[in-house]
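Thank you all for coming, and let me put the structure up on the screen before I say anything about it.

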Amino acid sequence: MGLFNLFGRKRINYEHKISSPDGRTVCLFALRQGHLTYSIEKDGKIVLKESRLGIKLMGEKSFGDNLTLVRLQEKTYDKSWETQWGEEHWIRNNYREAAFYLSEKTEDHRLLTIRFKVFNEGVAFRYEIPPQPKFRRLAILDELTEFRVDPHSSAWTIPAYQPDRYEYNYEKCSVYEIKKSVHTPLTIQTPNGFFISIHEAALYDYGSMTIKLNEWNALKSDITPLSDGTKAYVDLPFSTPWRTIFIHESAIGLITNRMLLNLNDPPTQDFSWVKPLKFMGIWWAMFVGEWTWAPGERHGATTEHAFEYIDACKRLGVHGLLIEGWNNGWEGDWLQNGAHSNFTEPMPDFDLPKISEYAQENNVELVGHHETVGFVDNYEKQMEDAYKYYAENGIHYIKSGYAGSMMTVYGQKEFHHSQIGVRHYQKALELAAKYHIMLIVHEPIKGTGTERTWPNMLTREGARGQEYEGGALDPSHACNLPFTRLLAGGMDYTSGIFDVTNVTKRLASTLARQLAYYVTIFSGAQMAADRPRFYEEVNPDAFKFIRDVPVSWEKTVPLLGEIGHYYIVARQERDSTNWFIGGVTDSDGRRVKINLDFLDKDTAYQAEIYRDALDAHYRDNQLGIIIETKDVTSESMLDIWLAPGGGFAIKISKK
Ligand code: NOJ
């Protein structure tokens, strides 16, 4: 009885407030003449104005009108959980939840639940569609979800539905200008002082969300369509991904928002075999034109080169090695011929069993490679055999790739980020788990925290990485990433290029900045991406930092930053007392003062500092680096110069 009677048939206007545990963030859910809306305030200031909720269905009336509340269920949750790897060892999951069970007043009596979770750090909600009396399957035409931020806000955007997927430079614009869909995470600075990020969590079997302005100047979700124009076909019961809004008073506040992971479920199987990794690669030599992916005289993935690189891994103390271009399918124009790639047939000059045996003798983990070029039909046919083949050869890591502007699935061209794409990425991940294989996915689906449930999803690309150097990147890019793309989880940026002055791929970076990336850009697998001879010949002292820096962290403490301009972060090594600090700047040089008050009190530490020389510059003195050691304590203040396009890296350990 109870609530049904209270808010039932006659009651068409209804409001309910859900407050965050600290009481500062308040989400107001409302039914207005049967329409669903929500709005958000923090500290009494508007974050989102009244925004519409609802779902449009094929062959049915929209979901979201004519609704009445049947039942409201509320709870408070507060528990910490341990991560297997990541930016924090322990994460607190603390929120107030309200589930609104709704029913239509029309004779269909269709049912819909909207579940909100209000955290101190933001708000999440999702639609849940229970089995209905009249149907079991739905075709979703559109989600009506709005995010009504002040349109005078600034936003950092990359365009959606473009040939290079997420690989674009971030543009700062006003929300008014978001006339075409942009990807999430969408970072926004409001005129009343908030930094918010709109994104989604737990994206499974549904189109991924992009966002654009509608005719009422409200940001509205635009779910990536399938080739037939539908957004998704779903079997009931069904829940959409969580729609998430991080809310902070500073840009660096966004960095440690852990809502995405908290909104995903714990794993349901044993993943104790998952291990983060640092790896080198038969890779950058191809980008600079020394070697080729394709067979021929300059073929990179030969048995001989693999042996040389395994020896180098051993000498340099890096435990992983990626080998690309090893299988049949790279002949000619691989982007065009990808439909014929074979994932179990090595080229004749590549003896996988022999290489794998040598790698194991030398304690080097091989990272296999599957470039699908987006030909999912071709890949899925071979996927299980291909994973088995690697597993039988002792390979536990695979870098996969989906280059190509669209995926080919069931003979149709589909967006990578459509429901069909999302389903494929998940299928690959689950199959990989069956063979105890960890994935590094390039041209991926964006991160939505699912690595909590599937920790073998070690890292992904999903933004412009170092391979875009040589003209397309400027130093602001790496200062945008922490506040945008990286809010969705780790990224394989392929850091550590020491050959910064290469004529083919000249980097917009100093050498010290290459070290900084290992701290500023989190990734569950970090690449030391250059050729070994550059580490041994250009600056072996600087390489020490790459050897020392861990991949998994105890905790993360963002120190300073401004979106697109600079970013400085400290991280404590997992299960250790060592700390690492990284900093990057845009094309302006700057001096920063770093307060070390996060260190243990009354303890003597030593800091190994790798910083730009005073005359270093990303254009004409890229290699100018100073490496020095200093005694420090929690009282110390470090004064560091970052050259234009430069950066710094510091290791701090107890004396
Ligand atoms: C694009 C990926 O981003 C890159 O890392 C890879 O080497 C090539 N595709 C070839 O697979």
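Let me begin with a definition: on a 1 Å grid over the protein atoms alone, a cavity is a set of points where a 1.4 Å probe fits but cannot get out, whereas a pocket is an open set with protein on both sides within 12 Å along at least five of seven lines, and lining residues have an atom within 4 Å of a point. Grid points are joined across faces, edges and corners, and a volume is the space filled by probe spheres set on those points. By this rule there are six cavities of 30 Å³ or more.

Please keep in mind that this is a predicted model, in which local features need pLDDT of at least 70 and side-chain atom pairs count only at pLDDT 80 or more, while totals for chains, interfaces and linings use all residues. Residues are numbered from 1 along each chain as its sequence is written, and side-chain values use heavy atoms, with hydrogens and water left out.

The largest cavity has a volume of about 180 Å³, and of the 19 residues that line it, Y425, Q426, L429, I445 and R460 lie nearest its centre. The elements that give two or more residues to this lining are α8 (376–392), α9 (419–434), β28 (438–441) and β29 (457–460), where helices (H or I, at least four residues) and strands (E, at least two) are DSSP runs numbered from the N terminus. Helix α9 gives the most, with five residues. By class the lining has 13 nonpolar, four polar and two charged residues; here Ala, Val, Leu, Ile, Met, Phe, Trp, Tyr, Cys and Pro count as nonpolar, Asp, Glu, Lys and Arg as charged, and the others, Gly among them, as polar.

The second largest cavity holds about 70 Å³ of space, and its lining includes W85, E451, R460 and F522.

Which residues lie nearest the centre of the largest pocket? They are W85, G86, E87, L261 and E451, out of 31 lining residues, and the volume of this pocket is about 520 Å³. The largest share of its lining, three residues, comes from α3, and by class the lining has 16 nonpolar, eight polar and seven charged residues.

Now to the ligand, which has 13 residues around it, with W283, E324, E371, K399 and H442 coming nearest; a residue counts as near if one of its heavy atoms lies within 4 Å. This shell has five nonpolar, two polar and six charged residues. A polar side-chain atom of W283 lies 2.8 Å from an oxygen atom of the ligand, and for an N or O atom in the side chain of E443 the distance to a ligand oxygen is 3.1 Å. Taken alone the ligand exposes 300 Å², and the protein buries 95% of that, with accessible areas coming from the Shrake-Rupley method with a 1.4 Å probe and, for residues, only the protein chains shown counting as cover.

Finally, two residues in strands. I196 sits in β16 (residues 195–201) and counts as buried because its relative accessibility is 0%, where buried means under 20% relative accessible area, exposed over 50%, and partly exposed in between (1.4 Å probe, protein chains only). I196 is 149 residues from V47 in sequence, yet their C-alpha atoms are 8.5 Å apart in space. E143, in strand β10 (residues 137–143), is also buried, with a relative accessible area of 0%. The side chains of E143 and Y206 are joined by a polar contact of 2.9 Å, that is, a pair of N or O atoms within 3.5 Å, where within protein one must be able to donate a hydrogen and the other to accept it, and residues adjacent in sequence count only if both atoms are side-chain atoms.
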